[in-house]
Amino acid sequence: MSADASCIFCKIVEGRIPSRKVYEDDEILAFHDINPWAPVHFLIIPKQHIVSMAHVQPEDAALLGRMMTLVPKLAQDAGCRPYPEGGFRLVTNTGADGGQEVAHLHFHVIGGPRPWVKG
């Protein structure tokens with residue numbers, strides 16, 4: 001598994017920076033956002049350092065598929081109401097024009113009762 005010594009999310013994966021974990025296995029980590037926009041706001045990341053969606057390769061398909069299939073359960077476990085009355089937003093920012101602030105692929109899972117601060 002690759003890592004970037006200067007990446008804040010790689011440091012979280014390695015346990016060098018604390019986080020409030022939502023989920024963890026050998027390949028995936030989910031943790032609460034430190035600046036939440038909504039009652040439910042956590043990030044789900046691959047432990048492997050992938051810079052952004054623009055850097056995803058065909059060999060990453062199984063990992064990303066696993067991440068996506070975890071999202072609904074983790075969202076509900078974190079407090080999002082079930083579909084269709086409830087739900088959540090899944091957001092990933094890619095590159096400077098896409099608003100990406102941390103150069104490590106991550107998905108924001110955002111939900112809970114409206115109105116939210118942003119979005």
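Helices (H or I, at least four residues) and strands (E, at least two) are DSSP runs, numbered from the N terminus. The model is predicted: local features need pLDDT of at least 70, side-chain atom pairs count only at pLDDT 80 or more, and totals for chains, interfaces and linings use all residues. Residues are numbered from 1 along each chain as its sequence is written, and side-chain values use heavy atoms, with hydrogens and water left out.

**Exercise 1.** Describe helix H2 from its length to its end.

Solution. The expected span of a helix is 1.5 Å times one less than its number of residues. H2 covers residues 61–78, so its 18 residues should span 26 Å. Its end C-alpha atoms lie 25 Å apart, which agrees. The helix has a kink of about 35 degrees at Val71, shortly before the proline Pro72; the bend at a residue is the angle between axes fitted to the seven residues ending there and the seven starting there. After H2 comes Gly79, with a positive phi near 125 degrees.

**Exercise 2.** Work out the order of the strands in the sheet.

Solution. Two strands pair if DSSP finds at least two bridges between them. Strand S2 (residues 28–32) pairs with S3 in the antiparallel sense over five bridges. Here Ile28 has Pro46 of S3 as its bridge partner, and Ala30 has Ile44. On S3 there is also antiparallel pairing with strand S5 (residues 107–111), over five bridges, where Phe42 is partnered by Val109.

**Exercise 3.** Decide how far strand S3 is covered.

Solution. Buried means under 20% relative accessible area, exposed over 50%, and partly exposed in between (1.4 Å probe, protein chains only). In S3 (residues 40–46), seven of its seven residues are buried. Val40, Phe42, Ile44 and Pro46 point one way, while His41, Leu43 and Ile45 point the other. In a regular strand the side chains alternate between the two faces of the sheet.

**Exercise 4.** Find which residues of H2 are buried and what they pack against.

Solution. The buried residues are Leu63, Leu64, Met67, Leu70, Val71, Leu74 and Ala75. They pack against S1 (21–24), S2, S3, S4 (88–91) and S5, where contact means heavy atoms within 4.5 Å.

**Exercise 5.** Count the disulfides.

Solution. A disulfide is a pair of cysteine sulfur atoms within 2.5 Å. The closest cysteine sulfur to that of Cys10 is in Cys7, 3.8 Å away, too far for a bond. The search of the whole structure finds zero disulfides.
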